[in-house]
Amino acid sequence: MKKWYKEEYEFTVEVTGFLRGDRTEGYCRNGEEIGDKYTCTYGCPVNSDGQGICSKVMMIMFPIMEAVRSGGDLENIGGDGKYSKNVVCPDGCVIFRLTAKKLDNENFFKGKFINQEAL
């Protein structure tokens, strides 16, 4: 992989709680623990050990991340701030907090990074 574009946003995903009991054994195949943190820009979030976030919750988070990347305000979809929203995993077990941080880089499309001639 050769990442050539500096993304406009950085995302942090933190495990903040559980809906069932005080642990994930028997519920969460990824073994999430309160306080676990994942980060990414465009790719899938990984933790400090290089382990990826659950693929099921990523299906929920990706459209939310795209809303931020396109200038959206997460308060419009139930977030508690422009760049933050709580998300429950599809299995109804783990509560995550997604937070976006705007970086000082150009938007991928408005910055004309796409080589139209190559398309």
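Predicted model: local features only at pLDDT ≥ 70, side-chain atom pairs only at ≥ 80, totals over all residues.
**View B. The largest nonpolar core.** Step back from Phe96 to find the group it belongs to: the largest nonpolar core, with 24 residues. Phe11, Ile53, Val57, Met61, Val94 and Phe96 are the ones that touch the most other members. Strand 1 (9–18), strand 2, helix 1 and strand 4 each supply at least two residues of this core. Which element gives the largest share? That is helix 1, with six residues.

**View C. Strand 4 and its two partners.** Now follow strand 4 (94–102) and look to either partner. Strand 1 pairs with strand 4 in the antiparallel sense, over nine bridges. One place to look is Glu10, which stands opposite Lys101 in strand 4. Strand 3 (residues 84–88) also runs antiparallel to strand 4, and five bridges join the two. Here Ser84 stands opposite Thr99 in strand 4. In a regular strand, side chains alternate between the two faces of the sheet.

**View D. The hairpin turn.** Strand 3 and strand 4 form a hairpin, with five residues between them. Look for Gly92 in the turn, where phi is positive, at about 70°.

View E. Tyr5 is found in the segment before strand 1. Is Tyr5 buried or exposed? Its relative accessibility is 6%, so Tyr5 counts as buried. Not counting residues up to four places away in sequence, Tyr5 touches Glu106, Asn107, Phe108 and Phe113.

**View F. Asn47 in a loop.** Asn47 lies in the loop between strand 2 (37–40) and helix 1. Why does Asn47 count as buried? Buried means under 20% relative accessible area, and Asn47 counts as buried because its relative accessibility is 18%. Setting aside residues up to four places away in sequence, Asn47 touches Lys37 and Tyr38.

**View G. The largest pocket.** Rolling a probe the size of a water molecule over the atoms shows where empty space is left. The largest pocket has a volume of about 300 Å³. How many residues line this pocket? There are 13, and Glu7, Tyr42, Arg69, Phe108 and Phe109 lie nearest its centre. By class, the lining of the largest pocket has five nonpolar, two polar and six charged residues.

**View H. The second largest pocket.** The volume of the second largest pocket is about 200 Å³. It is lined by 15 residues, and those nearest its centre are Arg29, Asn30, Cys54, Lys56 and Asp91. Helix 1 (55–69) and strand 4 each supply at least two residues of this lining, with three from helix 1 making up the largest share. The lining of the second largest pocket divides into nine nonpolar, two polar and four charged residues.

Key:
Residues numbered from 1 in each chain as written. Heavy atoms only, no water. 1 Å grid on protein atoms, 1.4 Å probe; cavity = no way out; pocket = protein on both sides within 12 Å on 5 of 7 lines; lining within 4 Å. Points joined across faces, edges and corners; volume = space filled by probe spheres on them. Nonpolar A, V, L, I, M, F, W, Y, C, P; charged D, E, K, R; others polar. Helix = DSSP H or I, 4+ residues; strand = E, 2+ residues; numbered from the N terminus. Pairing = 2+ DSSP bridges. Buried < 20%, exposed > 50% of the residue type's maximum accessible area, 1.4 Å probe, protein only. Contact = heavy atoms within 4.5 Å. Core = buried A, V, L, I, M, F, W, Y, C linked by side-chain atoms within 4.5 Å.
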